[in-house]
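Hi,

Here is the structure I promised to pass on. Have a look at it first, and then read on for what turned up in it.

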Amino acid sequence: KLAGIQLGMIRQRKSVYVEISNPRMEKIKEDVFLLVPIYGLTENLELSVEIPYLHHRPAAVPSEEGTGDISIVAKYLLIPGGTENQALVVKGVVKMDNGDYDKGLGSGDKDYSIVAALSETVGQLTGHAQIGYTWTGDKKDKRLDVTLYGAALDYALSDFIHILAEVIAERHPDRLENENPLIALTGITYKFSDSLAVDAAYRWGLNDSAPDWSTSVGASITY
């Protein structure tokens with residue numbers, strides 16, 4: 001059955017290498033609109049489809065927009081957790097290659113990922129740790145497989161308001177990059193009811209290989 005829908009919008013600025021006319025690094029802005037329908041197969045297993053719509057706004061070339069690479073996600077709760085307990089989730093992701101590679105809307109290859117996330121709650125504070133691995137396709141670009149790891153803290157100010165902080169690192173898929181992206185995040189979530197929550201976050205790159213910054217807002221509707 002349909003378990004819920006997530007809606008989101010991300011705006012970010014990042015550096016890309018431009019080879020047109022005068023080769024150089026250039027800052028571009030990008031908007032991502034995200035639709036995620038979620039289906040609960042059992043109490044512990046859910047499937048979702050992440051559908052991004054991208055709008056690139058580079059300075060040197062015309063803007064491009066369209067549907068990006070769609071991801072199919074399966075999430076299984078191995079350890080349910082509780083108010084004062086641990087929870088363990090394993091997630092598998094298949095990223096499709098439907099986005100237009102020539103317009104910068106997709107990688108041109110399918111990717112396969114597996115991620116494990118462990119959470120523990122003590123009082124009002126919940127700690128999270130995750131590690132993952134992505135097998136990247138290399139038909140279009142000779143990309144490296146990606147190792148992902150991160151840690152986060154979620155503090156409940158009340159039953160309705162949570163604040164969070166997170167640091168994420170991963171191996172850069174570009175073989176020519178010597179530095180791996182490192183990203184920090186801070187955000188807030190407000191729960192209007194058991195079926196509706198909204199969130200906002202700000203991310204910033206801690207080194208030159210990460211996006212300079214990004215902002216995001218979203219809403220989760222559950223049934």
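Glutamate 46 counts as partly exposed, because its relative accessibility is 26%; buried would mean under 20% relative accessible area and exposed over 50%, with partly exposed in between (1.4 Å probe, protein chains only). The side chain of glutamate 46 meets that of lysine 75 in a salt bridge, 3.8 Å from N to O. By salt bridge I mean a side-chain nitrogen of Lys or Arg within 4 Å of a carboxyl oxygen of Asp or Glu. Lysine 75 sits in strand E5 and glutamate 46 in strand E3, so their pair ties together parts that are 29 residues apart in sequence. Lysine 75 is partly exposed too, with a relative accessible area of 34%.

Before going further, a word on where this comes from: it is a predicted model, in which local features need pLDDT of at least 70 and side-chain atom pairs count only at pLDDT 80 or more, while totals for chains, interfaces and linings use all residues. Residues are numbered from 1 along each chain as its sequence is written, and side-chain values use heavy atoms, with hydrogens and water left out.

Now the overall picture. Of the 223 residues in the protein, 29% are buried. If you take the contacts (heavy atoms within 4.5 Å) between residues at least 6 apart in sequence, 44% of them join residues at least 24 apart.

Back to strand E3, which covers residues 45-57 and runs antiparallel to strand E5 (residues 71-79), with 6 bridges joining the two. Two strands pair here if DSSP finds at least two bridges between them. Leucine 47 has alanine 74 in E5 as its bridge partner. E3 also pairs with strand E4 (residues 64-67), in the antiparallel sense and over 4 bridges; there, leucine 54 stands opposite glycine 66.

Histidine 56 is in strand E3 as well. Is histidine 56 buried or exposed? Histidine 56 is buried, because its relative accessible area is 9%. Leaving aside neighbours within four places in sequence, its contacts are Lys29, Glu30, Ser63, Glu64, Lys103, Gly104 and Leu105.

How many salt bridges does the structure hold? The count is 6. One of them joins arginine 13 and aspartate 212, whose closest N and O atoms are 3.2 Å apart. Arginine 13 lies in strand E1 (residues 2-18) and aspartate 212 in the loop between strand E12 (196-205) and strand E13 (213-222), so this pair ties together parts that are 199 residues apart in sequence. Arginine 13 is partly exposed, at 30% relative accessible area. Lysine 191 and aspartate 194 also meet in a salt bridge, at 3.4 Å from N to O. Lysine 191 is partly exposed at 33%, whereas aspartate 194 is exposed at 69%.

Next, have a look at aspartate 145, in the loop between strand E8 (125-135) and strand E9 (146-156). Aspartate 145 is partly exposed, at 22% relative accessibility. Not counting residues up to four places away in sequence, aspartate 145 touches Tyr133, Thr134, Trp135, Thr136 and Arg171. With tyrosine 133 there is a side-chain to side-chain polar contact of 3.2 Å (a pair of N or O atoms within 3.5 Å; within protein, one must be able to donate a hydrogen and the other to accept it, and residues adjacent in sequence count only if both atoms are side-chain atoms).

Finally, the aromatic pairs: a search of the whole structure finds 3. Rings of Phe, Tyr and Trp (its six-membered ring) pair if their centres lie within 6.5 Å, with planes under 30 degrees apart counted as stacked, over 60 as edge-to-face and the rest as tilted. Tyrosine 133 and tryptophan 135 have ring centres 4.9 Å apart and planes at 65°, so they are edge-to-face. Tyrosine 190 and phenylalanine 192 are edge-to-face too, because their planes are at 70°, with ring centres 4.7 Å apart.

Cheers
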